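The following paragraphs lead the reader through a model of a complex. Please keep the sequence and the structure in view while reading.

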Amino acid sequence: MLEAIDLAARRGYARLFSSLSFRVEPGCALFITGANGTGKTTLLRILAGLGAPFAGTVRWRGVDVAPFAQRLREDVVYGGHLPALKDELSAEENLATLVALMGETVAPANLRDALASVSLDRQASLPARALSQGQRRRLGLARLTLTHRPLWLLDEPATALDTAGIALLKRLLTGHLERGGCALVATHQPLELPAAHVRALALS
Amino acid sequence: MTTAEPVVATLGRPAPVPDSGAWSGVRWALLRDLQLALRSRAELGVQLLFYVIVVSLFPLATTPEKNQLALMGPGVLWVAALLASLLSLPRLFASDFADGTLEQMALSPYPLPALVSGKMVAHWLTTGLPIVVLAPLLGLQYGIDGEALAALAVALLIGTPILSLLGAIGAALTLGLRGGGSLLALLVLPLCVPVLIFGAGTVDAVHAGLGAAANLSLLGAGLLVAIVGAPLAASAAVRISLD
């Protein structure tokens, strides 16, 4: 479903990676590991269409996609380092805003359920500035439960999550793969998923 | 208490196609920015107060003589409008850039120019419109007569959106730069010169008996060009800043 063909990226004059090719089929997850500064985030941003690779192409559902391609934007959910939360808005408003930005409609009841599923129901009306790092991450997980995108690109999703949060993340990923979705996860901590379709990519 | 399964299970159902309409995008950005502006009303007040103070400083620094004040009043009101609109421009994209909302906007199915347009409209509604409303009141301070005052207000009504539109291009271009705020002023102020000339000239034209129509038409033409071009230019700049 998602193919990378001979990708290369640089930061300044430093080469991060080159001739990187892989293929992720529906129902598969690819865990991207590597030391700091090896290009995990850069790779995810290229795949999300946020930046152009130095060389190579990204192919989604059999079609080459340029950065910011409409085809890709309709299918991808990108969870980056930055949580995209507004301090002035409550947790619930932030979630509603983010889901609406993805072009999806969600009923208020579903919004509440999603917050409950990440144990944030009691913080629903708290402004986002009052949330802890882990709770901000959980809000990102709540967004994943509400959207229907087949391609998940997650950058260090386990950061700041407690053990219950990591278990929740694993359950969400497993469910996503079972429904035939794709996931690419840049991570330091290995997440043991029960699914058989997990592969690893080590950048060096 | 954790019901961990996704609330909206998609098992066996094809994923719904997300909404990607341009108007929905404009609406999303406009409503969210207005909501955020309402949450931080103090910032809006500061800017309006800045406008009032700058306009009020000129008679103190120059002359209390009525004829001369009436002569320079329109120009002062325009320059102050330009400065006040510039005051809030650095924040237009900067907070969205810093917290990651901008990259989510660039990855949203909505066209980025539509989202950027919504932000521009919200910027004008929160900064330009209050200035347009206040200007006739402050114009009285300068002894500008009724007919000229009306022409001035209409000129500001057409001209201040251009300031927001052009300013947004500058704000997007200077994203992520150190000292972006001052660079923004250097970029945007020269671009605003035609708006300033035709805007402030409206009152002169009325006084000279020529009528305001010519100046207002030119401003209107400028506004149309800016409406078409500025969202495209600003969204291109946003994409560059994200790369």
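Helices (H or I, at least four residues) and strands (E, at least two) are DSSP runs, numbered from the N terminus, and two strands pair if DSSP finds at least two bridges between them. The model is a predicted one, in which local features need pLDDT of at least 70 and side-chain atom pairs count only at pLDDT 80 or more, whereas totals for chains, interfaces and linings use all residues. Residues are numbered from 1 along each chain as its sequence is written, and chains are lettered from A and ligands numbered from 1 in the order in which they are written.

Chain A contains an open sheet of five strands, ordered S6-S7-S8-S3-S9, with parallel pairing. At its edges lie strand S6 (76–79) and strand S9 (198–203) of chain A, each of which pairs on one side only. From one strand to the next, the twist averages 15 degrees; the axes behind this angle are lines fitted to C-alpha atoms, for helices over the stretch in contact, and angles run from 0 to 180 degrees between N-to-C directions. Strands of a sheet pair through backbone hydrogen bonds, either parallel or antiparallel. In chain A, S6(A) runs parallel to strand S7 (residues 151–155), and four bridges join the two. A:Tyr78 stands opposite A:Leu153 in S7(A).

Chain B has ten helices and zero strands. Its C-alpha trace spans about 80 × 35 × 30 Å along the principal axes. Of its 243 residues, 44% count as buried, that is, 20 or more other C-beta atoms, placed from the backbone, lie within 10 Å of the residue's own. Two residues are in contact if their C-beta atoms, placed from the backbone, lie within 7 Å. Among the contacts in chain B with a separation of 6 or more, 82% are between residues 24 or more positions apart.

How confident is the predictor? On the scale of pLDDT, its confidence in each residue from 0 to 100, chain B has a mean of 89, and 94% of its residues reach 70 or more. Over residues 1–13 of chain B, however, pLDDT stays under 50. For the complex, the predictor gives an ipTM of 0.92 and a pTM of 0.90.

Where the chains meet, 35 residues of chain B are in contact with 39 residues of chain A. Helix H1 (22–39), helix H5 (101–106) and helix H10 (213–242) of chain B each supply at least two residues of the side that touches chain A. The largest share of that side, five residues, comes from H5(B).

Terms used:
Buried ≥ 20, exposed ≤ 12 C-beta atoms within 10 Å, placed from the backbone. pLDDT = per-residue confidence, 0-100.
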